[in-house]
Amino acid sequence: MAIPHGLMGRLAVYEAPNRPFEIRLFPVRAPRAGEVLVRIRMSTICRSDVHSYLGHRPNPCPGVLGHEIIGTIVELGAGITHDMRGEPLAPGDRITWSEYFIPGPNYFTEVLDLPQKSPGVDKYGHMAAATDPHHHGGFGEYCYVLPQSWILKLPEALTDEEATPINCGVATMMCVTERAGIRMGDAVVVQGLGLLGLYGAAIAKARGARRVIGLDTVASRRELASRFGVDLALDPSAVPEAELVKAVRAACPPDGADAVLEVCGYPEVIPAGIAFLRTGGRYALAGVVNPGSGVTIDANLLLRRMVTLTGVHNYHPRNLVEALDFVHANRDRFPFHELVDGKYRLDEAGKAMQDAAERRVLRAAIVP
Ligand SMILES: [Zn+2]
């Protein structure tokens, strides 16, 4: 299909942190080799979009946000014929793709098996609107899937609401639960029951956890959590920390949690996270994404309890495949479609961002 000459696409651009979004038009050209031009179906607002918008971390401006995106292929650039699993791709196919792309094979891809941390890695929704090809974020009508991204065709059975968070929220929690080594019979504690925590609980159950304990100060989230595999939901602000530790350890006999997942973003919860663990337990940090997340811990506890502490930033491409398969296989077991609980037009991006920032919705979706 030829792209009509002079075609323009709308983008919701923000001039600087906390400034209103403005709809601007940018040219849409034919995809170059290795690119795919996609018409966006849905983009959900991730907590990291909120952090960028509020200026908690640097993001080029005037900018285009949004990296949890799905879309329909308009045109394939030269060299792109199949998705990462070998499925043929054609215009009209609905796809998801990795939230990041890399400059090309390098030491991190070839030797370390950490392609997601390649030097020069860049993410959708993290670039200035002026940067070619302009359409590289979710808050718009079009997006170019850029070279060295990982693409997956979406099964027809999945709704847009189920499919959109796969390439960030779900894939990230696939990586987190993998790094935390969750296996059959484990007792798992999840610190934070936002979208990541709910997916994390569900994935832990699917990986065979016998018991999942969720911690969140928001009552509505604790209630929802029972439908995502959380057996016991506690309010960490309701009791002194020592009592919370006692309650959690008592719920994980005989010696405490096998694994703890931090997805709340507050470094001050880390000492309790360590204290929940059994001897030989594993602790994965995935929420404390902002620089300056300082905290004091008793390192002797890590040593004495033989704790494994691991961090997760971005996910491996294999986690994207697993995320899609997990959602597809468990869509009747867990109500994933309910997580996208607010829908907005592109010209309502400001309201969507505000509702997401103030946690009025779990996942705000922009439907252009
Ligand atoms: Zn994200």
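Analyst: A nonpolar core is a set of buried Ala, Val, Leu, Ile, Met, Phe, Trp, Tyr and Cys residues joined through C-beta atoms within 7 Å. Note that this is a predicted model.

User: Which residues is Leu 198 in contact with, leaving aside neighbours within four places in sequence?

Analyst: Leu 198 is among the core residues that touch the most other members. With neighbours within four places in sequence left aside, its contacts are Leu 193, Leu 224, Ala 225, Phe 228 and Leu 339.

User: How far apart are the centres of domain 1 and domain 2?

Analyst: The protein is divided into domain 1 (8-167 + 335-366) and domain 2 (172-311). Taken over C-alpha atoms, the separation of the two centres is 29 Å.

User: Which helix gives the largest share of the side of domain 1 that touches domain 2?

Analyst: Ten residues of domain 1 are in contact with six residues of domain 2. The domain 1 side divides into four nonpolar, three polar and three charged residues. Its largest share is three residues, and they come from helix α1 (residues 47-54).

User: Is α4 roughly parallel or roughly perpendicular to α10?

Analyst: Helix α4 (residues 169-179) and helix α10 (residues 317-330) pack with their axes 8 Å apart, at an angle of about 105°. Angles of 65 to 115 degrees count as roughly perpendicular. Therefore α4 and α10 are roughly perpendicular.

User: How do the residues of the contact of α4 with α10 divide?

Analyst: From α4 come Val 170, Ala 171, Met 174, Cys 175 and Glu 178. They meet α10 residues including Leu 320, Ala 323 and Phe 326. The contact divides into eight nonpolar, one polar and two charged residues.

User: What is omega for the cis peptide bond that joins Cys 61 and Pro 62?

Analyst: Pro 62 is found in the loop between α1 and β4 (63-64). The bond joining Cys 61 and Pro 62 is cis, with omega about -10°.

User: Is Met 306 buried or exposed?

Analyst: Met 306 sits in the loop between α9 (299-304) and β17 (308-311). Its phi is positive, near 55°, in a residue other than glycine. Met 306 has 11, so Met 306 is exposed.

Technical notes
Residues are numbered from 1 along each chain as its sequence is written. This is a predicted model: local features need pLDDT of at least 70, side-chain atom pairs count only at pLDDT 80 or more; totals for chains, interfaces and linings use all residues. Axes are lines fitted to C-alpha atoms, for helices over the stretch in contact, and angles run from 0 to 180 degrees between N-to-C directions. Helices (H or I, at least four residues) and strands (E, at least two) are DSSP runs, numbered from the N terminus. Angles under 35 degrees count as roughly parallel, over 145 as roughly antiparallel, 65 to 115 as roughly perpendicular and the rest as oblique. Two residues are in contact if their C-beta atoms, placed from the backbone, lie within 7 Å. Ala, Val, Leu, Ile, Met, Phe, Trp, Tyr, Cys and Pro count as nonpolar, Asp, Glu, Lys and Arg as charged, and the others, Gly among them, as polar. A residue is buried if 20 or more other C-beta atoms lie within 10 Å of its own, exposed if 12 or fewer, and partly exposed in between; C-beta atoms are placed from the backbone. Domain bounds come from an automatic or database domain assignment.
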